[in-house]
Amino acid sequence: MTKKIRFALLAIALMNIGLFVALYAALAADAQWGYDGDQGPAYWGALSPEFSLCDDGSAQSPIDIDEASAVNLVELEFNYRQTVNNIVNNGHTIQVDIAAGSHIVYNGIRYDLLQFHFHSPSEHTIGGEAAPMEIHFVHRDPNSGALAVVGVMLTESEADNEAYAPVFEAMPAAAGEAQALPAPLALDALLPQTRAYYTYNGSLTTPPCSEIARWLLLDSPVELSAGQIAAFKSIYDGNARPVQPLGKRDLLRKRR
Ligand SMILES: [Zn+2]
């Protein structure tokens, strides 16, 4: 075999490996998952090798919040701006993608707000009880890639929550649909006034279940009307992963 032919064969072999890797990545990325039947949370780990942490992880989310002794923890600092944002139905939830500029500071680290989205019922439970809904504000440290996810329980009351009205009125019903929200959203008004929190190290609550999230669960809920909750449930009802074992992790509660 001449050097030239050997080189050509090697190049073809490498191309095939490259093709295989690309195909494999595309298939893995395309693995369908959901919340029901054989695509449901109990099967996520088996749906794709990339989802293996969903089965094998040791720091998974969500969890049940039960007794956590209150300790002195840093203040959670919110710097949320009023921005124009896009709302999308991504096939698993309704998500609002946030324009750059909003962030939190936790333990001296700045995490940029990327998006928020909803689950119904809540994913985290408190003393075994789920709330009607939970909102997740997903932030990322641009330097390390680590996530800080702020969770807020959404409970039911009489009146419409005006701060949430622009979101609930614009939710796209069909998967894949997206649109710009008609007006700037006052992000800070989506949060409760009191911002004490529970915290633990956990994961994405959806595949690939990566264990890269510092969870910050505010201990005060936000109230929505029954009509607002029904509006979300008419699109997604049951997009919550069951609670996972806390294991050896610390669950801390900030003293008010
Ligand atoms: Zn979520």
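Author: A residue counts as buried when its relative accessible area is under 20%. By that criterion, both H119 and H136 are buried in this predicted model. These two residues belong to the part examined here, the site of the zinc ion.

The protein donors of the zinc ion are H117, through its atom NE2, H119, also through NE2, and H136, through ND1. Along the sequence, the donor residues follow the spacing H-x1-H-x16-H. H119 is located in strand β8, which covers residues 109-119, whereas H136 is located in strand β10, which covers residues 133-140; the pair therefore ties together parts that are 17 residues apart in sequence.

The residue numbers lead on to the nonpolar core. F116 and F118, together with F137 and Y164, have the most contacts inside the largest nonpolar core, which has 38 residues. Leaving aside residues up to four places away in sequence, F137 touches several residues, among them F116, Y164, Y80, L113 and V149. A second, separate core has 12 residues, including I65, L147, V149 and Y200. In soluble globular proteins, nonpolar side chains tend to be buried together.

The chain as a whole gives the setting. The protein chain contains five helices and 17 strands, and 44% of its 256 residues count as buried. Among contacts with a separation of 6 or more, 66% are between residues 24 or more positions apart. The accessible surface of the protein chain comes to about 13,100 Å², and 55% of it belongs to carbon and sulfur atoms.

Note on methods:
Residues numbered from 1 in each chain as written. Predicted model: local features only at pLDDT ≥ 70, side-chain atom pairs only at ≥ 80, totals over all residues. Heavy atoms only, no water. Core = buried A, V, L, I, M, F, W, Y, C linked by side-chain atoms within 4.5 Å. Buried < 20%, exposed > 50% of the residue type's maximum accessible area, 1.4 Å probe, protein only. Contact = heavy atoms within 4.5 Å. Helix = DSSP H or I, 4+ residues; strand = E, 2+ residues; numbered from the N terminus. Areas by Shrake-Rupley, 256 points an atom, 1.4 Å probe, with all protein chains shown as cover. Donors = N, O, S within 2.8 Å, 3.2 Å for Na, K, Ca; no water.
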